[in-house]
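The following note sets out numbered points for a colleague who is reviewing the model. Please read each point beside the coordinates.

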Amino acid sequence: MKVLVLGPGGREHAIIRALLADPEVEQVHCAPGNAGIAQLVPVHAVDADDPAAATALARELAVDLVVVGPEAPLVAGVADALREAGFLVFGPSRAAARLEGSKAFAKEVMASAGVPTAMARVATTEEEAADALDTFGAPYVVKDDGLAAGKGVVVTADRAEALEHAAACFAAGGSVVIEEFLDGPEVSLFVLTDGSRVIPLSPAQDFKRIHDDDEGPNTGGMGAYTPLPWLPQGFVEEVVERVARPTVDEMRRRGTPFVGVLYCGLAVTTRGLRVIEFNARFGDPETQAVLARLTTPLGRLLHAAAAGRLDEAERLRWRPETAVAVVVAAQDYPDSPRKGDPISGLEDAEALEGVHVVHAGTAVAPEGEHAGRIVSAGGRVLAVVALGADLDDARERAYRGVGLVALEGSQHRTDIALKAARGLVTVPGASAPRPRQEQA
């Protein structure tokens with residue numbers, strides 16, 4: 001099998017690492033890729049958001065499967081163009097990707113499918129926003145309706161700040177979704193689907209705020225871990241039955257079947273399971289941790305989903321270890337991340353047992369004093385991923401790896417998975433946390 005992966009970041013690097021471990025995958029190509037991906041597979045300087053360019057590259061390479069990584073190409077209709085050209089594609093159509101492209105649309109689908117989610121209102125004016133904020137009260141939750149690279153959500157106790165965020169969206173010609181605040185811990189669950197059937201992966205938890213103790217502005221994600229020892233038994237099955245399957249059924253009923261991975265962002269609240277958001281692709285950085293544990297060949301899984309044959313997929317198998325991913329971000333991220341700084345220590349981190357480095361925003365400097373070296377090229381530069389016997393072991397290995405990576409002005413959280421390791425994550429209304437048992 002020859003596979004083309006579209007995307008430039010850490011999610012794509014993690015997917016490619018997993019694909020290369022599949023004995024049925026003979027070749028992997030990536031466009032546009034990054035410095036780390038280029039060390040593994042051929043990369044092509046093609047705009048992944050351009051349907052015509054992506055289709056032309058797939059034709060040139062004569063690939064058997066195209067995996068669309070980021071949300072922007074999906075919303076731009078890249079999957080549609082590739083399917084029209086006869087390619088198998090793992091990734092939803094433009095119409096189905098609206099589940100991520102418009103939070104208002106996602107709320108409409110959830111209402112039709114009877115999926116539990118936060119109460120919400122769509123606002124297009126400051127007056128509507130103010131009324132919605134007063135209806136739900138603090139903490140205030142204001143979300144850009146469209147794509148915002150994981151940084152379009154403001155959760156604050158300051159009404160003026162919430163209204164300011166809404167006003168900025170209106171000024172840019174957009175709208176906002178204002179929701180009730182959901183208490184309880186958050187869970188990320190990826191569900192593979194061929195438009196009819198669904199297969200859940202291992203649940204994970206990520207950390208959106210830039211600083212320790214969930215302080216500072218939202219980011220695309222500063223780290224993640226999996227599995228979640230504090231989840232109640234039957235949680236994944238409940239998500240499949242109450243969230244994933246009804247949503248996939250509703251999208252098919254509308255004539256826009258969802259093929260790919262449905263990311264379910266969830267909260268376990270005092271009133272039970274609630275959906276925070278949907279994404280139309282693998283989430284970042286949860287993908288780095290989840291795929292580090294998957295031993296079932298990924299290429300076969302994605303091909304089966306793209307071909308509408310997930311019923312033929314083998315049972316998922318997982319490593320018994322815990323995985324922790326810690327993101328190293330550039331100076332001044334998420335506001336105005338500095339780029340072009342050299343990165344060292346990557347080989348030293350990779351040499352640690354159970355540790356690997358996933359590149360996200362990296363490039364090879366073409367000229368200047370750092371010519372030929374790997375440099376920062378984005379806000380979230382890389383993730384150090386570690387497998388360990390338990391959370392403490394995986395955390396220790398991951399942070400040892402982070403300590404070996406040198407990037408001037410870089411920042412990272414020091415508390416990824418710390419509360420879970422200390423047994424401090426509690427589920428409202430649940431008894432003491434019990435470890436989840438998964439097939440090794």
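**Notes on the predicted model**

1. Ala-62 is found in the loop between helix 3 (51-61) and strand 3; helices (H or I, at least four residues) and strands (E, at least two) are DSSP runs, numbered from the N terminus. Although Ala-62 is not a glycine, its phi is positive, about 55°.

2. The model is predicted: local features need pLDDT of at least 70, side-chain atom pairs count only at pLDDT 80 or more, and totals for chains, interfaces and linings use all residues. Residues are numbered from 1 along each chain as its sequence is written, and side-chain values use heavy atoms, with hydrogens and water left out.

3. Two cis peptide bonds deserve a check. One runs from Ala-31 to Pro-32, with omega near -5°, and Pro-32 belongs to strand 2 (residues 27-32). Another joins Ala-138 and Pro-139, where omega is about -5°; Pro-139 is found in the loop between helix 8 (126-136) and strand 6 (140-144).

4. The domain assignment gives domain 1 (2-92), domain 2 (119-179) and domain 3 (186-422), with bounds that come from an automatic or database domain assignment. Taken over C-alpha atoms, the centres of domain 1 and domain 3 are separated by 19 Å. In this pair, 31 residues of domain 1 are in contact with 30 residues of domain 3, where contact means heavy atoms within 4.5 Å.

5. Helix 1 (residues 10-20) and helix 12 (residues 298-306) have axes that come within 7 Å and cross at roughly 105°. Axes are lines fitted to C-alpha atoms, for helices over the stretch in contact, and angles run from 0 to 180 degrees between N-to-C directions. Helix 1 and helix 12 are therefore roughly perpendicular to each other; angles under 35 degrees count as roughly parallel, over 145 as roughly antiparallel, 65 to 115 as roughly perpendicular and the rest as oblique. Ile-15, Ala-18 and Leu-19 of helix 1 meet Leu-298, Gly-299 and Leu-302 of helix 12. By class, this contact has five nonpolar, one polar and no charged residues. Here Ala, Val, Leu, Ile, Met, Phe, Trp, Tyr, Cys and Pro count as nonpolar, Asp, Glu, Lys and Arg as charged, and the others, Gly among them, as polar.

6. Helix 7 (residues 103-113) packs against helix 10 (residues 235-253) at an angle of about 100°, the axes lying 9 Å apart. That makes helix 7 roughly perpendicular to helix 10. From helix 7, Phe-105, Val-109, Ser-112 and Ala-113 meet Pro-246, Thr-247, Glu-250 and Met-251 of helix 10. The contact residues divide into five nonpolar, two polar and one charged.

7. How many cavities of 30 Å³ or more does a search of the whole structure find? The search finds three. On a 1 Å grid over the protein atoms alone, a cavity is a set of points where a 1.4 Å probe fits but cannot get out, and lining residues have an atom within 4 Å of a point. The largest cavity holds about 60 Å³ of space. Helix 7 gives the largest share of its lining, four residues, and the lining has five nonpolar, no polar and five charged residues.

8. The second largest cavity has a volume of about 50 Å³. Of its 13 lining residues, Val-68, Phe-90, Val-261, Arg-281 and Phe-282 are the closest to the centre. Domain 1 and domain 3 each supply at least three residues of this lining.

Terms used. 1 Å grid on protein atoms, 1.4 Å probe; cavity = no way out; pocket = protein on both sides within 12 Å on 5 of 7 lines; lining within 4 Å. Points joined across faces, edges and corners; volume = space filled by probe spheres on them.
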